[in-house]
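Hi everyone, thanks for making the time. I'd like to walk you through a structure today, so let me put it on the screen.

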Amino acid sequence: MFEATDLNRRDARTQRLVRALFLLMTVLLAAPVLLILGVLLVKGGTMLSWDFLFTEPTNGMTAGGVLPALVGTVWLVAIALLASVPVGVAAAVYLSEYAPDNVLTRVINLAIINLAGVPSIVHALFGLGAFVIFFGFGTSILAASLTLAIMTLPVVIVATREALQAVPHAFREACWNMGATRWQTIWRVVLPNAVSGILTGVILEVSRTAGETAPIMFTGAAFFLPFLPASVFDQTMAMSLHLFVIATQVPDVPEALPYGVALVLIGMVLAMNALSIGLRTWLRQKKKW
Amino acid sequence: MSDAEIAVRDLTIRYGQHVALKGASFEVRPHEIFGIIGPANSGKTSFLKVLNRMDTFTAGMHFEGQVEVGGRDVRAWRNLYALRRQIGVVFPLPVGLPLSVYDNVAFAPRLAGVRAKADLNVIVEGCLRRAALWDEVKDRLNALGSLLSGGQQQRLTIARALSQKPRILLLDEFSIAVDPVTTMRIEAVLSELKAEMTIVLVTNLVQQARRLADRTAFFLMGECVTVAPTEQFFLRDADLDPRARDYVEGRFG
């Protein structure tokens with residue numbers, strides 16, 4: 001008859017142990033997220049109101065709302081995306097679809113990896129030197145957004161390249177055999193099937209851009225500026241810097257205020273993520289293979 | 001013979017140092033089905049790739065010698081896309097593009113500049129009919145081509161190749177992923193298409209070459225061993241290279 005040997009039993013035991021261990025890790029992973037959200041909700045939840053979102057800070061930033069910072073962050077993220085997504089997608093398409101495997105390509109790939117590894121404070125100083133001073137944009141939304149764009153380019157490039165490479169090569173060959181040029185192939189077949197993967201990169205970029213503080217500190221974000229920006233050459237407040245300021249620089253801030261600001265910032269990011277995830281799910285449903 | 005549709009002289013194909021085909025010379029005549037048989041790694045597929053210059057998309061692939069398609073050296077084409085649009089290709093594994101059935105067949109006509117919906121409708125229906133697929137998909141032209149069954153997808157790729165209005169149709173072991181019934185249907189289609197175009201049929205199935213091909217070439221390990229009218233391969237008393245005879249009689253390969 002067939003009976004489990006000692007070896008079988010040991011294998012089964014190991015298998016159960018590994019499964020339980022990995023489950024534990026996964027649960028631990030979720031804990032910080034839930035804790036952060038929980039603490040913010042408990043301590044800052046009372047701050048939330050339409051007034052908080054749509055009024056300016058008052059009394060030396062110890063009261064009032066977050067409107068200028070909220071609007072500023074939206075500007076910064078939007079312009080950073082406008083700058084980095086076209087460049088990043090174009091670069092990724094080139095690297096994935098056109099670039100021959102030569103020294104130049106390898107150097108560029110290495111540069112992208114290194115760009116991802118540059119600390120944000122270094123990006124900040126680069127942005128100050130390049131956009132604020134050299135290009136003469138001054139400390140402005142434009143300079144800050146471009147700094148953020150450069151910082152997040154690697155995310156877009158890597159995500160896009162992976163999305164492109166996930167499209168089976170046979171599709172490309174079928175198109176080429178019909179006499180399609182590389183570009184026709186990319187435009188009609190490859191990109192439409194890579195869109196959901198590209199969006200993943202954009203989601204990551206949005207989250208990171210909205211939360212970054214250092215790169216915008218020197219390049220365009222203002223300490224306190226209770227008006228809405230009129231153009232991209234204005235300075236602006238931003239949620240991330242505003243949070244830093246009221247949490248560390250301003251005396252006599254009510255305890256709930258920074259929590260409220262943090263909650264709004266996280267809420268913004270989550271809302272944008274939810275939007276992109278919804279879009280991505282919708283695109284996936286139309287997915288073709 | 002200057003009226004050859006495809007004329008190959010001293011064709012050698014290399015991948016880096018590896019020689020895939022050496023010194024092949026033969027001709028394919030207009031409106032014939034030209035079979036190419038032989039075991040794997042004989043250079044059959046590589047030869048097809050030279051015909052429509054897919055070597056430009058294959059790293060390390062080079063060829064020497066002369067290959068003329070319709071009397072013109074394939075290397076003399078400056079616009080390779082125009083060359084490829086005259087040559088339809090069907091792969092071993094069907095590749096339904098991730099587009100609707102309709103868009104799959106309308107892809108090549110659109111590349112060729114056909115825009116009017118009415119014209120496209122005519123082309124799509126005509127090609128699907130000729131590929132013996134129309135009856136099965138006419139009610140779901142908007143379904144994804146890649147969701148059809150394997151046999152249907154292979155007929156879809158044939159319809160797609162026909163939509164190019166090719167003067168030459170290349171088939172690379174098209175029946176590998178297709179059931180026998182579908183294979184027979186496609187074979188019937190090919191016999192009809194012969195009137196309109198020249199067909200090069202690479203196949204692992206000796207009997208398929210026997211059923212379809214007017215003339216057949218036997219490739220072995222990068223060498224074009226024999227080119228002869230297909231029935232010659234099966235005549236006991238024909239003057240045939242012993243390697244070719246061994247192959248068609250199933251003693252190896």
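Before the first strands, a word on pairing: two strands pair if DSSP finds at least two bridges between them. Helices (H or I, at least four residues) and strands (E, at least two) are DSSP runs, numbered from the N terminus. What you see is a predicted model, in which local features need pLDDT of at least 70, side-chain atom pairs count only at pLDDT 80 or more, and totals for chains, interfaces and linings use all residues. Residues are numbered from 1 along each chain as its sequence is written, while chains are lettered from A and ligands numbered from 1 in the order in which they are written.

Chain A holds 11 helices and two strands. Reading from its N terminus, the elements of chain A go α-α-β-β-α-α-α-α-α-α-α-α-α. With a radius of gyration of 24 Å, well over the 19 Å that the globule rule gives for 289 residues, chain A is more spread out than a compact globule. For the record, that radius is taken over C-alpha atoms, and the globule rule is 2.2 Å times the number of residues to the power 0.38. Along the principal axes, the C-alpha atoms of chain A fill a box of roughly 80 × 60 × 35 Å.

Chain B has nine helices and 10 strands. Its radius of gyration is 18 Å, which agrees with the value near 18 Å for a compact globule of 253 residues. The box for the C-alpha atoms of chain B is roughly 55 × 40 × 35 Å along the principal axes.

Now the sheets of chain B. One is an open sheet of four strands in the order 2-1-4-5, with antiparallel pairing. Strand 2 (18-28) and strand 5 (72-73) stand at the edges with a single partner strand each, so one side of each has no neighbour in the sheet. Strand 1 (residues 6-15) of chain B pairs with strand 2 of chain B over seven bridges, in the antiparallel sense. Look for Val8(B) here: opposite it, in strand 2 of chain B, stands Phe26(B).

The other sheet I want to show is open too, with six strands of chain B in the order 6-7-8-3-9-10 and mixed pairing. Its edges are strand 6 (87-90) and strand 10 of chain B, each with a single partner strand, so one side of each is left without a neighbour in the sheet. From one strand to the next, the twist averages 15°.

Helix 6 (residues 150-162) of chain B lies across both strands, at about 175° to strand 6 of chain B. For such angles, axes are lines fitted to C-alpha atoms, for helices over the stretch in contact, and angles run from 0 to 180 degrees between N-to-C directions.

Phe219(B) has Cys224(B) as its bridge partner in strand 10 of chain B. This hairpin has two residues between the strands, and Met221(B) takes a positive phi near 45°.

On to helix packing. How far apart are the axes of helix 3 and helix 4 of chain B? Helix 3 of chain B and helix 4 (residues 117-130) of chain B have axes 9 Å apart, at an angle of about 115°. They are therefore roughly perpendicular to each other. As for the cut-offs, angles under 35 degrees count as roughly parallel, over 145 as roughly antiparallel, 65 to 115 as roughly perpendicular and the rest as oblique. Their crossing is right-handed, that is, the near helix is turned clockwise from the far one by less than a right angle.

In chain A, helix 7 (residues 169-177) and helix 8 (residues 182-211) pack at about 135°, with axes 10 Å apart. That angle makes helix 7 of chain A oblique to helix 8 of chain A.

Finally, the contact between the chains takes 17 residues from chain B and 14 residues from chain A, where contact means C-beta atoms, placed from the backbone, within 7 Å. On the side of chain B that touches chain A, helix 2 (80-85) and helix 3 (101-111) of chain B each give two or more residues. Thanks, everyone!

Conventions:
Contact = placed C-beta atoms within 7 Å.
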